[in-house]
Amino acid sequence: MRRPQLRIPSWLPVDGFILALVGTVGLAALLPARGTAATVADNASTGAVALLFFLYGARLSTREALAGMRSWRLHLTVLACTFVIFPLLGLAARGLVPYVLTQPLYTGLLFLCLVPSTVQSSIAFTSIARGNVAAAICAGSFSSLVGIVLTPLLAALLLGGDGGGFSARSLVSIVFQLLVPFLAGQLLRRWIGGFLTRHKKILGFVDRGSILFVVYSAFSTGMVEGIWHQVSPWQLLSLLGVEAVLLALMLTITSYGSKKAGFPRGDRIAITFAGSKKSLAAGLPMATVLFGGGAGLAVLPLMLFHQMQLMVCAVLAKRYAARAPEGAEAAAATGTGQARRGERAEVVGASGR
């Protein structure tokens, strides 16, 4: 008699990248970089961040992104959800300190509310739900592009001196580590875009490897400085509860708000998935620039929220698909074809699922 095998339900997507991140955090806890090794790791992390944003810039098809501006109401709605409503909810959570959240965890939660939306997972879930896939591509691309400038500016305005602070030095770091590599990638896209497209799978490993290295460096610094003694299991559970409420609120706002605004079904689905999600791949390197040695706790809420949004949105997408009217499947198939042609516009690549 065969023993029953434990299998993860198909509706519960345990992201392999998240497992790798957890393993990297464990490695940093057991073998943190110290002394000269820490200096080397910090310098290498700076180079990895610059490489990531160079690749983001080289992948983004400006022509396709601009062509999507025809649906300007949809894109403005997603941008408003990502950079207005999310930050307002993050500011409202300030009342939970110190009773539910510690100050460092709240800083990380507020930072989570400032980062741009995802691209790839928004497209995937919109396609599963038989929504407007082309709109999801453009909305995610706009959010990522705008976030490179807007996220640091919002951090300067809202975070202030919290968790590492924001100064003229931070602004210079952002310009040279994020904006300059991104613009360089855009300028060189004409010559290297084809190469990146042909070797997309290999470069995906470069993306994920760079992010893992950034995480190792940030969490190593946290271990050496002893910041993990500030977090208890109860505080982590409280953080998960707060993030569950945050995600539920954003899904409700994007879903019912877009319906009240008169958007058609396909656009409502794109708004729901693109407007309620946050990019781990864009947020992690930004956090290392903004928070420096305090990035360990600052990115923890984002890492937890990323996996939570994948699980919840996977279930939600299948429910949308089950209730889809006749003809929606054909429209989704057409949008999926457009998504494949628009893969060059995916700013976050495979690591931003």
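A residue is termed buried when its relative accessible area is under 20%, exposed when over 50% and partly exposed in between (1.4 Å probe, protein chains only). By this criterion, Leu105, Tyr106, Thr107, Gly108, Leu109, Leu110, Phe111 and Leu112 of helix α5 are buried. The model is predicted, with local features requiring pLDDT of at least 70 and side-chain atom pairs pLDDT 80 or more, whereas totals for chains, interfaces and linings use all residues. Residues are numbered from 1 along each chain as its sequence is written, and side-chain values use heavy atoms, without hydrogens and water.

The chain comprises 14 helices and zero strands, where helices (H or I, at least four residues) and strands (E, at least two) are DSSP runs numbered from the N terminus. Of its 353 residues, 49% are buried.

Helix α5 spans residues 103–112; eight of these ten residues are buried, so the helix is largely enclosed by the rest of the structure. Its buried residues pack against α4, α7, α10 (233–260), α12 (280–291) and α13 (295–322), contact being defined as heavy atoms within 4.5 Å.

Helices α4 (residues 72–92) and α7 (residues 133–158) also pack together, at an angle of about 35° and with their axes 9 Å apart. Axes are lines fitted to C-alpha atoms, for helices over the stretch in contact, and angles run from 0 to 180 degrees between N-to-C directions. Residues of α4 in this contact include Leu74, Val78, Phe83 and Leu91, and among their counterparts in α7 are Ala135, Phe142, Val146 and Leu158.
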